[in-house]
Amino acid sequence: AAAGGASADDATSSGGARPPEGGARRIVSLAPSVTETVFELDRGDRLVGVSTFCDYPPDKVRDLPRAGSYLTPNVERIVSLRPDVVIGVPTPGNQAAVEQLRSLGLVVVIVGEHTIADTWKSIRTVGDWTGSPAGAAALIARLESELGAVREAAARLPKQKVLFVVGHDPLIAAGSGLFIDELIGIAGGINVAADAGGSWPRLSLETVIAAAPQVIIDGAMGSEVGKGLAAYWRSYASVPAVRDGRLFPQRSDALLRPGPRLARGARELFDMIHASPRSGS
């Protein structure tokens, strides 16, 4: 079980605290997905601090005070911002900071972000703490409808075997039980790393060649795409995705943030998964 009273099957932990009437007025967000949700619910004016990784929406989040990273929150900085609530996600590195903040009397709410179901629960929780539960319900309904439209479009096309990479050397892929795995399925893909064991399995060259993905989405290079991407995959020339030129850099962080842009991420996946092979590449 996770610290702070959250068990594995209860993704939301608030240390027993309840949202005040009308929601919290001063909010510190420690996760990009939380920050995006607060802005999507039109409660951005209540954010008094965000994590160093929070960068969307860019024009609105740019000038907000930073409260440390998503992995290692800055406790002194957070205390100085006098928040009514601190909202974050469970990470291996932030447990001690969460306990310290709670011991100092601050309300810390931890929301899950592993699966799509966690995302809906997280949006509902952020809705409660920002005083906009109706807005949260409407946002979830819209996202579910948009995901349904992607699923319907994908159902009319042949399924494609997909490898979604998040790290090189070792090669790390998105595995099972993750929202990325669920989005691949919604967009008409079969995640070839789903059976490799765990959420972020390490794959060998042999495993990838045997899995024969038809589409590879590579999020490991960040902005260093282009020549570097083709060079990295050259040794996998026999893999259909490489052979047919269906190798895509994952340019958008919508695919890695389970929040208001979840459906946009699904559409981006759909476009990559069903793109025509590039002959002669």
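This is a predicted model: local features need pLDDT of at least 70, side-chain atom pairs count only at pLDDT 80 or more; totals for chains, interfaces and linings use all residues.
How many positive and negative side chains does the protein have, and how far apart do the centres of the two sets lie? There are 29 positive and 30 negative side chains, with the two centres 4 Å apart.

Residues are numbered from 1 along each chain as its sequence is written, and side-chain values use heavy atoms, without hydrogens or water.

**Figure 1. The whole protein.** The protein contains 11 helices and 10 strands. Helices (H or I, at least four residues) and strands (E, at least two) are DSSP runs numbered from the N terminus. The C-alpha trace spans about 60 × 35 × 35 Å along its principal axes. Of the 281 residues, 51% count as buried. Buried means under 20% relative accessible area, exposed over 50%, and partly exposed in between (1.4 Å probe, protein chains only). The accessible surface comes to about 12700 Å², and 52% of it belongs to carbon and sulfur atoms. Areas come from the Shrake-Rupley method with a 1.4 Å probe; for residues, only the protein chains shown count as cover. Among contacts (heavy atoms within 4.5 Å) between residues at least 6 apart in sequence, 64% join residues at least 24 apart.

**Figure 2. The salt bridge of Asp55 and Arg257.** The structure holds nine salt bridges. Each is a side-chain nitrogen of Lys or Arg within 4 Å of a carboxyl oxygen of Asp or Glu. Here the N to O distance is 2.8 Å. Asp55 sits in the loop between strand 2 (47-50) and helix 2 (58-61), and Arg257 in the loop between strand 10 (247-249) and helix 11 (262-273), so the pair ties together parts 202 residues apart in sequence. Asp55 is partly exposed, at 39% relative accessible area. Arg257 is buried, at 12%.

**Figure 3. Arg261, Asp253 and their network.** Arg261 and Asp253 form a salt bridge, with the closest N and O atoms 2.7 Å apart. Arg261 is buried at 7% relative accessibility. Asp253 is partly exposed at 25%. Salt bridges with shared partners join Glu36, Asp55, Asp253, Arg257 and Arg261 into one network.

**Figure 4. The salt bridge of Glu146 and Arg267.** The closest N and O atoms are 3.8 Å apart. Glu146 belongs to helix 6 (residues 133-155) and Arg267 to helix 11, so this pair links distant parts of the chain, 121 residues apart. Glu146 is partly exposed at 23% relative accessibility. Arg267 is also partly exposed, at 39%.

**Figure 5. Helix 1 and its surroundings.** Helix 1 (residues 32-40) is mostly covered, with eight of its nine residues buried. Among them are Val34, Glu36, Val38 and Phe39. The buried residues pack against strand 1 (27-29), strand 2, helix 2, strand 3 (85-88) and helix 5 (116-129). Just after helix 1, Asp42 takes a positive phi of about 65°.

Definitions and conventions: Lys and Arg count as positive and Asp and Glu as negative; His and the chain ends are not counted. The place of a charge is taken as NZ of Lys, CZ of Arg, CG of Asp or CD of Glu.
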